Amino acid sequence: MWEYTDKVLDHFKNPRNVGEIEDPDGVGEVGSMACGDALKLTFKLDEDGRIADARFKTFGCASAIASSSALTELIKGMTLEEAEKVTNREIAEFLGGLPEQKMHCSVLGREALDVAIRNHRTGQSSKKILEGKVICNCFGITQEEIERVIRENDLSTVEEVTNYCKAGGGCGACIPDIEQILDETRQQKTEAPAAAPKRRLTTVQKIHLIEETVDREIRPMLQKDGGDLELIDVIGNRVIISFRGMCAQCNVAQFTMKDVVETKLREFVADNLVVEEEKI
Amino acid sequence: MDVYLDNNATTRVAPEVIEAMQPFFTELWGNPSSMHHFGGQVARYVEQAREKVAALLGASPEEILFTSCGTESNNTAVRGATETAGFEVPIITTRVEHPAVLEPCRHLGEQGYMVVKLNVDASGQIDVEELAETLSHGPAVVSIMWANNETGVVFPIERIAEIVKQAGGVFHTDAVQAVGKLPIDLSRTPIDMLSMSGHKLHAPKGIGALYIRKGTKIRPFLLGGHQEGGRRGGTENVPYIVGLGRACELAKDALDDEMTRVTALRDRLEAGLLERCPDSRINGDREHRLPNTSNISFQYIEGEAILYHLSDVGVAASSGSACTSGSLEPSHVIRAMGVPFTAAHGSIRFSLSRYNTEEQIDYVIEHVPPIVERLRKLSPFVNE
């Protein structure tokens, strides 16, 4: 069994602020069934712009439930400016600490809060948006997210990065990339990451490049789990694909795998591509 | 009430086994190889234990090699047979084997051996025709488990053994979960090697055995001494060997009970839980399954959370969820079967033993549904 503190066990067994607020001012939904934990956070502001109520629903282990409960307790009464400064470390500390391998539960809480605040301010989607370069394909973790957990928690090893945000915890193919990000972030280099090639492509060139990228970047990672993908068609900027094998049965495919494929294709081919799944 | 339903992980040591082992710590502590009476009087108990293990398996005593655990038995068999056969002979296994087989295979793959992993279908069964097809390219070392530790699914091992032998291959089976739970008769089944473990059948941890059919060539895994006919170096772990012998004797007597009463308890548990917990499902081939194992997915909730609540009411089980293993992905067995993620993370394995009672099972049937309901109230995937 894990070494959970009494406070973790208390918040797991008697979670505070469970549920969903009707007509909320902000909603954040992060994680997925595939990743093993998911959190939906809703909050309501009072007249002074402070968080009057925050509620959660969580799918996950004991520490994921406890972290969500802790998050809602922490942010109640805060202004959004105060709330956006809450780090995953504060959530873990509120609970008297979490086992190292469970720190990603506290990061999940912080992410939900970020998304909910963005949702309130901009009206953008209540779901996490994959922005930038995806490093870990298994869990859909971007470079920016990895850099942030490294900075906020002063991490120095790949194992720690995996504990804090799951990156590298699946097939392990991205471990060299994470090592590099660790080096760069710790040296506080500020150079921008390599930009995607942005040349003008003819349709034939584009299809070739998409095929190459699928073969090199995407197919090997799907095949590791007994899945595959077929390129059906390219119409303008629309790339039509179909998942095969294990991927076809995976009911999270539409919102994680499609996003990962799209992000990869945008990175290596053209940044205006839209991936669509062929409906059979 | 304390209810232990995690017997595929480990079992309580039978009191009769402890009793049988006791003298080998206090009076009979000699080295069985020694040329004096301290050792000489001990050697014969080792041989008696060997006979008891052989009797449970339908083997000859000289075909039994004592090891330290099931993992050592599997490593010895898989690595020993493959390295003896040479680089041109591939190894065939399945995606749902225990890590004690998968990891040696991965290691051999890195060294340049060809490793083929057979898929399983949604019920966790392999396609025997696919195996036959794979073997049509030439002989191979084949390692396929008798019964799966997570789902209890039993493979058609007799049929598989025949196919492998017809193709001129070497066949090893990891029977750690099957021995003591299913009737096994190696005199009638052409299996070359079979692994078993003591602590899965009420002997202590730290003792296992490997059956090696007469004439099967394998390279020893532990080098260093003439013990076990030169097949495994290291002074015999006498008390534990005696314990394993006694446990096998008890298992042979209890086999009927296992096949009838324990099966009935398992079925009662399953029926009770499926009836009271909506959106739950059995993972694995219900027709061909160990008598003691039930793997149930409670959809939309996560396994570790279920286990902690269960532990609070005294019930011990295990889960294929990612969080319980410390890894980040759900069990490779459940994933290989294509169980949807909505159910994979919430899979709970209940594994019974002959020490369980009907009263205990009814207690579990009563206590699981409120836990499932409670966690579903928290789940964002359940609409109120």
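1. In chain B, strand β12 (residues 318-319) is joined to β13(B) by two bridges, and the two run antiparallel; one of the pairings sets Ser319(B) against Ile348(B) in β13(B) as its bridge partner. Strands here are DSSP runs of E with at least two residues, helices are runs of H or I with at least four residues, and both are numbered from the N terminus; two strands count as paired if DSSP finds at least two bridges between them. The model is a predicted one, in which local features need pLDDT of at least 70 and side-chain atom pairs count only at pLDDT 80 or more, while totals for chains, interfaces and linings use all residues. Residues are numbered from 1 along each chain as its sequence is written, and chains are lettered from A and ligands numbered from 1 in the order in which they are written.

2. Strand β13(B) also pairs with β10 (residues 293-298) of chain B, again in the antiparallel sense, through five bridges, and Thr293(B) stands opposite Ser351(B) there.

3. How many residues of β13 (residues 347-351) of chain B are buried? Five of its five residues are buried, where buried means that 20 or more other C-beta atoms, placed from the backbone, lie within 10 Å of the residue's own. In a regular strand the side chains alternate between the two faces of the sheet. For β13(B) both faces are covered, with Ser347(B), Arg349(B) and Ser351(B) on one side and Ile348(B) and Phe350(B) on the other.

4. Chain A holds an open sheet of three strands in the order β1-β2-β3, with antiparallel pairing. Because β1 (26-32) and β3 (51-59) of chain A stand at the edges with a single partner strand each, one side of each is left without a neighbour in the sheet. Neighbouring strands of this sheet are turned by 10 degrees against each other on average, direction ignored, with axes taken as lines fitted to C-alpha atoms, for helices over the stretch in contact, and angles running from 0 to 180 degrees between N-to-C directions.

5. Seven bridges link β1(A) with β2 (residues 37-45) of chain A in the antiparallel sense, and Glu29(A) has Lys40(A) in β2(A) as its bridge partner. Helix α2 (residues 62-75) of chain A packs on the sheet, touching β2 and β3 of chain A, and its direction makes about 175 degrees with that of β3(A).

6. Between the chains, 26 residues of chain B are in contact with 26 residues of chain A, contact meaning that the C-beta atoms, placed from the backbone, lie within 7 Å. On the side of chain B that touches chain A, the largest share, three residues, comes from α9(B).

Terms used:
Contact = placed C-beta atoms within 7 Å. Buried ≥ 20, exposed ≤ 12 C-beta atoms within 10 Å, placed from the backbone.
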